[in-house]
Amino acid sequence: MLLNGHSYYSLRYGTFSEEALVDLALEKGYDSVGLTDINTTSGVLSFLRYAQEKKVKAVVGIDFRNRTRCQFVGIALNENGYLELNNFLAEHLHARKPFGSRAPVFTDAVIIYPFENALKEDLTSLRANEYIGIGLNELRKLSLNRLAKTPEKLVLLHPVSFRSKRDFNTHRLLRAIDNNTLLSKLDSEEQGELSQQMPSKEMLYEQLQDVDFLIENTRALMASACVRFAFGPKAPSQNLDSYSGTIHGDIQLLRKLCRDGLPYRYPSPSKALEERIEKELSLIEQKQFVSYFLINHDIVQYAQKRGFHYVGRGSGANSVVAYLLRITDVDPLELDLYFERFMNEHRSSPPDFDIDFCWKERNEIISYIFSRFEHVALLGSYVTFQKRAVIREIGKVFGLPKEEIDQLVETLRPLSLEHPNETLHKLVLNYASYIHGLPNYLSIHAGGILISRKPIHQFASTFMPPKGYRTVQFDMHIAEAVGLFKFDILSQRGVSKIQEAVALVAQNKGEKLDIHQVDQFKKDPLLNDYLRRGDCMGCFYIESPAMRMLLQKLQTKSYIELVAASSIIRPGVAQSGMMNEYILRHHDPQRVKEKAHPALLNIMPDTYGVMVYQEDVIKVAHLFAGLSLAEADILRRAMSGKSRSKAEFMALERRYFEGCAERKHPLSVAQEVWKQIESFAGYAFAKGHSASYAIESYQSLYLRVYYPLEYMTAVLNNGGGFYSPEFYLKQLEKLGAQIELPCVNHSVQLNVLRENTLYLGLMYLKELEDRAAQRIVQDRMQRGPFKSLTDFIDRVPISTDQISLLIRINAFRFTHKSKHELLWQLYSYRNLPKNNGTVPLFAATAQPLELGHLDTNATEETFELWELLGFPLSLTFELLRSPLPEHITVKTISDLEGQYITLYGYLVTVKNTKTHKGEPMQFATFLDRYTEVFDTVSFPAIAQRYPCRSRGIYRCYGKVVNSFNHYSLELEQLEKLDYIQDPRYSKKSLPKPAKN
């Protein structure tokens with residue numbers, strides 16, 4: 001009877017979920033209910049699924065509105081009608097055009113015009129599929145209106161947007177937030193009415209007893225509407241089911257591609273390999289995932305043709321077929337990757353491929369996919385209201401002062417009982433708890449793309465974000481439930497660094513590298529020695545202080561060990577307390593025998609009985625607790641945040657403990673293993689994923705070791721990494737590069753490497769406008785190098801302030817004039833460009849000037865560069881107020897284990913963390929004056945007394961600690977040393993020439 005239900009997918013309007021609408025209908029006595037959200041079909045599929053479970057008749061459609069004004073409501077009679085409505089909505093959302101007062105002709109959808117609209121538009125002639133909707137508050141008006149003479153065209157249209165007065169208040173706050181206005185100034189037309197609640201069935205029929213034709217017409221309409229989808233494991237795949245045109249053709253093509261890939265991957269294939277390939281192919285065919293593999297192959301084949309570097313990750317890396325198709329570079333046989341993690345007979349979803357591309361090239365890959373396949377859309381993702389952000393927004397609409405809002409956000413409680421705004425503070429916090437978690441706006445999934453065998457609008461409508469690719473109005477959870485499985489096309493700067501470094505090697509050295517021949521890198525003793533020492537600054541995933549520490553502690557010297565380290569470093573293993581245990585067992589075989597549970601050691605011998613990978617959850621749940629493979633995989637997905645069913649998870653937890661009891665495992669052991677599963681499964685990597693990361697780490701390490709200047713330049717040009725640009729520049733100097741300041745005759749926006757000389761990019765000049773940098777480069781490319789400052793001014797239309805910046809950074813040093821001379825010359829010119837960068841009508845001319853001797857010193861230059869670049873190019877030891885005494889250097893630290901020493905270092909990075917008790921700790925990384933790295937740890941008492949906060953040089957006093965060959969300083973004292981005063985501001989400024 002109620003067609004016009006709204007869920008919280010009616011963004012910043014609705015207040016409860018689509019499932020709550022079904023529950024509310026049952027509670028009020030109805031066996032049918034409609035969902036017509038405002039300008040979206042985001043909740044339709046999950047609404048249909050839940051209604052099927054609850055055996056409620058579900059009617060779906062769209063409430064088409066301009067802002068909050070309803071133009072008409074569309075009800076889908078069947079799947080084609082749903083498609084029609086989604087097409088119509090998408091057309092308007094893509095073009096951002098308003099809806100008209102009349103709907104177009106639909107074949108399988110019904111249109112309902114609100115009563116007030118019908119009166120205003122004088123709707124006298126309605127199509128067969130068009131009706132006029134009467135609200136409960138409009139019944140009295142109906143009896144006196146001419147529309148009452150056509151009762152067959154009237155239906156009930158009562159919006160259901162709230163469950164209670166609290167929901168209505170929440171709605172008003174959402175509307176005020178959406179309108180960016182005070183609640184007291186919210187226009188009545190921008191909000192719904194309190195009466196838009198669901199009456200009980202009995203109350204509704206009582207209100208309609210004098211207009212029973214409304215009941216009959218509405219019931220008949222709802223009975224005629226039927227949109228159905230299959231959900232869950234038994235749902236048929238909605239992905240493109242055939243790549244080549246026929247399923248048989250797909251199978252033959254996949255087998256041919258595997259044969260063609262053998263010589264490149266396995267020059268001498270074994271019988272075991274052939275059996276593994278056949279096993280995989282048979283299961284891929286059985287599960288009907290052939291087209292999924294072929295589409296991924298198509299994508300990477302296009303990338304290869306275009307010369308794009310990429311990295312294939314995800315559970316698909318467990319597949320030999322994926323390796324042969326060059327979707328991934330991970331050899332599953334080498335790592336004995338757990339086949340059931342990749343695929344098993346009970347798994348309904350295809351294996352997961354995450355393909356990373358250079359951030360500059362990802363858009364071309366996406367454009368290719370959209371042009372290559374017919375039914376394509378990006379996957380949506382809902383961004384929800386977060387607790388502190390909601391408090392801030394509600395505080396604003398209540399008109400609270402910013403200071404009070406800041407305190408509420410910080411403390412999450414009313415400021416005080418005596419505060420004059422105490423009541424408002426409580427309201428803010430109370431309603432923040434209701435809005436927290438509601439959808440705020442629709443965004444784009446990080447990399448998910450849907451390629452369907454049906455039109456995308458068969459499932460939901462789409463919108464057009466700024467990137468210009470249509471995006472579906474639901475997320476990955478409902479996509480999977482209905483049988484749509486995403487392709488993950490991601491961008492990653494690590495890939496960009498490798499690709500640019502390879503290009504720079506070709507440009508600088510004339511060498512063409514095959515960066516995919518990773519087998520050679522794995523066996524290279526020099527690369528493995530760098531790994532063991534943790535000497536891998538700039539390298540993908542292994543450059544952070546924590547990872548360098550782990551590599552040193554494990555003495556990692558092989559690909560296999562790096563794969564394990566890549567997962568061990570993840571938060572979950574550390575939180576389970578097993579990272580340190582793994583290190584201990586790695587170095588002490590006797591400890592493995594004493595500490596490892598025999599059953600777990602038997603399941604995971606390679607990792608000493610310690611769960612390290614996501615597959616280990618499946619193995620332990622299946623082999624240790626007796627869960628089926630399907631149940632074990634569901635458990636893994638649930639702990640990885642890929643399942644939204646808490647009840648399902650609780651049931652699996654019970655099954656786990658029941659299985660452990662059946663196998664006579666002591667309860668204490670079962671609980672300890674469960675704790676490990678629970679604490680790390682959501683963070684641990686799949687082994688194939690770790691292997692993919694390790695491959696990329698080896699690729700970047702190879703470039704870092706053998707082509708250090710090219711690689712570190714690529715690191716800087718692609719956003720850096722864990723550390724700031726100044727650190728990588730210091731590494732480049734240490735590796736033999738000559739660092740040159742930006743130059744108008746050599747520099748572009750990014751850094752330029754010519755042999756061993758690196759010209760800093762114009763991007764580092766903080767106050768230089770992008771437009772100015774583009775004009776400089778463009779003119780130089782067209783007309784050649786600049787000959788003088790005058791020549792530059794005549795050719796490049798940028799402001800005096802921008803030219804001054806370039807002079808101060810010494811970008812005109814080719815003129816062999818000092819900065820002071822050039823600045824004096826600049827300000828003496830007539831006809832200079834104005835600040836808007838327009839070109840003057842006449843050439844710039846200068847007055848002849850007689851200058852005295854103007855000089856500058858190295859100290860002033862260091863401060864000047866620090867100001868212009870935002871970081872110093874030196875380590876700044878020369879700027880200290882007091883010279884350093886004779887002291888120990890990092891190179892000798894390994895000989896001083898257990899001793900208390902003093903080191904002086906320039907702060908590179910600091911990590912603030914907390915103990916299990918919530919007390920602060922700090923881990924910091926420094927460079928000594930010889931650019932050698934050392935790490936420090938500050939336990940709570942020291943971290944609170946001597947906090948490490950800002951960049952500068954510190955005196956670090958503490959105890960040298962050796963933890964498995966990783967040396968660090970356990971601090972007792974930390975003191976930041978003072979710099980001298982900036983001499984530029986201790987002298988009188990030079991006068992400017994007099995104006996004429």
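This is a predicted model: local features need pLDDT of at least 70, side-chain atom pairs count only at pLDDT 80 or more; totals for chains, interfaces and linings use all residues.
Residues are numbered from 1 along each chain as its sequence is written, and side-chain values use heavy atoms, with hydrogens and water left out.

Let's begin with the barrel. Five strands close up in the order β19-β20-β21-β23-β22, with mixed pairing. Helices (H or I, at least four residues) and strands (E, at least two) are DSSP runs, numbered from the N terminus, and two strands pair if DSSP finds at least two bridges between them. On average, neighbouring strands here are turned by 50° against each other, direction ignored. Angles run from 0 to 180 degrees between N-to-C directions, and axes are lines fitted to C-alpha atoms, for helices over the stretch in contact.

Now, what about β21, residues 933–938? Five of its six residues are buried, meaning under 20% relative accessible area, with exposed over 50% and partly exposed in between (1.4 Å probe, protein chains only). Strand β20 (residues 920–927) runs antiparallel to β21, joined by six bridges. Gln922 has Ser938 as its bridge partner in β21, while Phe923 stands opposite Val937. The two strands form a hairpin with five residues between them, and Thr931 in the turn has a positive phi of about 65°. With β23 (residues 966–976), β21 runs parallel through two bridges; there, Val937 is partnered with Glu970.

There is a helix to look at here too. Helix α23 (residues 545–554) lies across β19, β20, β21, β22 and β23, running at about 140° to β23.

Next, a helix pair. The axes of α33 (residues 687–706) and α34 (residues 708–717) come within 5 Å and cross at roughly 125°. That makes α33 oblique to α34, because angles under 35 degrees count as roughly parallel, over 145 as roughly antiparallel, 65 to 115 as roughly perpendicular and the rest as oblique. Contact means heavy atoms within 4.5 Å, and the residues making it include Leu703 and Tyr706 of α33 and Tyr711 and Met712 of α34.

Last stop: an open sheet of three strands in the order β14-β16-β15, again with mixed pairing. Its edge strands are β14 (738–740) and β15 (752–754), each pairing on one side only. The twist averages 25° from one strand to the next. Three bridges join β14 to β16 (residues 757–759) in parallel, with Gln738 opposite Thr757.
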